[in-house]
Amino acid sequence: MKKTGYYSSGVFARMAKVTLRTIRYYDKQNILKPSFVSEAGARFYTDKDFVRLQQILLLKYLGFSLEDIREMLIDDTDYHFMLNSLNIQLKLVQDRIEQMQLVEKAIQDTSEAVRKEHTIDWNQMLNLIHLTGMEKSLKNQYQNASNISARIQLHHLYSQNQQGWFPWIYEQLMVRQGMKILEIGCGDGTLWIENMENLPENTEFLLSDISEGMLRDARRAIGGEDHRFSYQVFDCHKMPCRDGSFDLIIANHVLFYCGDIRKVCEEAVRVLRPGGRFLCSAYGQNHMKEVSGLVQGFDDRIALSADKLYDRFGKENGREILSEYFGTCEWRQYEDCLIVPKPEPLISYVLSCHGNQGQYITERYKEFRAYVKRKTDRGFRITKEAGLFLCQK
């Protein structure tokens, strides 16, 4: 019996312009299950299933394996998830376009060399081969960008402090004309994008990150024509910068991820001019504590992070670490909390954390969503305990 709003496998395949065999294969691989199966075993799909199919087809087009795709999808078609997914997919497509342009140029250069020299430069050919292998990093870029987007979005939507984190950070920087500024671990450049209208003209910004994908996102968002900004991939444990070359260094939620925090501090002191400032943000031990309580209330095996970031570098111990390297060190707290009235952005945040939640939530996703919905129906309050240390050389 036909159900209203449901399409048979064959109709769904024709509407999606794929083969029925493809639909059956995705069902068998457990990445696109039907919304309804009749007693006779007939499979039916809905309009919501087109959202998941779109994600599968695009990620497959970009070179991901079905195993990768299975890890990257979540069974939810709420507009919040769809918009976030589309934004990340757009970044992936832009990354692939940039990669293919590099491949195009490498082929052209090699062809030109063959035409002129009547021989092959094997080094150039090897460079071309390495270029065509760049796609292996796209999965990590997708996951990193998805995680960062989810975290920023939750705070952007539901923070009670109307100023916002990034405008508040910029206010503490006291940026002036003629300054040379370095940001380590710049991510997608949100700090500067949100404060663009306040940036002085005669100022130099070097944005650095260990991830090429993050730097590409920052460059695209800021615009390559803004000559105040330059970009460089490097590890902040060994900064390729001259001694005393910067007036200000920013490490926004970076130090607690570093393998050797003291080495990073040594490098910061080295590349700062006398009197230069080092600004590094951190969390306190109460930050987002309700989120951990939420997931453990669902399943007490879940740990959102094997390492508590504030134990490595936080409000409670940061001054002791920094005072070994800087003459003055002052903590400034950002007063805020979150009131979350709906489940989807909170679920996105939970899934973005560095922990074991995936193995316990993914298989019980609908149950978890219902659980979070009950918790957020009257507004779910989350403590924010974040701020920054402002240090001077």
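The side chains of Glu344 and Arg369 form a salt bridge, with N and O 2.1 Å apart. A salt bridge here requires a side-chain nitrogen of Lys or Arg within 4 Å of a carboxyl oxygen of Asp or Glu. Glu344 belongs to helix 15 (residues 343–352) and Arg369 to helix 17 (residues 365–376), so the contact ties together parts that are 25 residues apart in sequence. Helices (H or I, at least four residues) and strands (E, at least two) are DSSP runs, numbered from the N terminus. Glu344 is buried, at a relative accessible area of 2%. Arg369 is partly exposed, at 25%. Buried means under 20% relative accessible area, exposed means over 50%, and partly exposed lies in between (1.4 Å probe, protein chains only). A separate network joins Asp299, Arg301, Arg364 and Glu367 through salt bridges that share partners.

The model is predicted: local features need pLDDT of at least 70 and side-chain atom pairs count only at pLDDT 80 or more, while totals for chains, interfaces and linings use all residues. Residues are numbered from 1 along each chain as its sequence is written, and side-chain values use heavy atoms, leaving out hydrogens and water.

The chain holds 17 helices and ten strands. Of its 393 residues, 48% count as buried. The accessible surface comes to about 20,700 Å², and carbon and sulfur atoms account for 50% of that area. Accessible areas were computed by the Shrake-Rupley method with a 1.4 Å probe; for residues, only the protein chains shown count as cover. Contacts (heavy atoms within 4.5 Å) were also counted. Among those between residues at least 6 apart in sequence, 79% join residues at least 24 apart.

Seven strands make up an open sheet in the order 6-5-4-7-8-10-9, with mixed pairing. Two strands pair if DSSP finds at least two bridges between them. Strand 6 (229–233) and strand 9 (328–340) are the edges; each has a single partner strand, so one side of each lacks a neighbour in the sheet. From one strand to the next, the twist averages 15°. Axes for such angles are lines fitted to C-alpha atoms (for helices, over the stretch in contact), and angles run from 0 to 180 degrees between N-to-C directions. Within this order, strand 4 (residues 180–184) and strand 7 (residues 246–251) pair in the parallel sense over three bridges. Glu183 faces Ile250 of strand 7.

Asp247 and Arg273 meet through their side chains at 2.3 Å, N to O. The pair links distant parts of the chain, with Asp247 in strand 7 and Arg273 in strand 8 (residues 272–283), 26 residues apart. Asp247 counts as buried at 16% relative accessibility. Arg273 is partly exposed at 28%.

Another salt bridge joins Asp226 and Arg228, whose closest N and O atoms are 2.8 Å apart. Both Asp226 and Arg228 are buried. The search of the whole structure returned 18 salt bridges.

A further open sheet has three strands in the order 1-3-2, with antiparallel pairing. Strand 1 (7–8) and strand 2 (36–37) stand at its edges, each with a single partner strand, so one side of each is without a neighbour in the sheet. Strand 1 pairs with strand 3 (residues 43–45) in the antiparallel sense over two bridges. In this pairing, Ser8 stands opposite Phe44 of strand 3.
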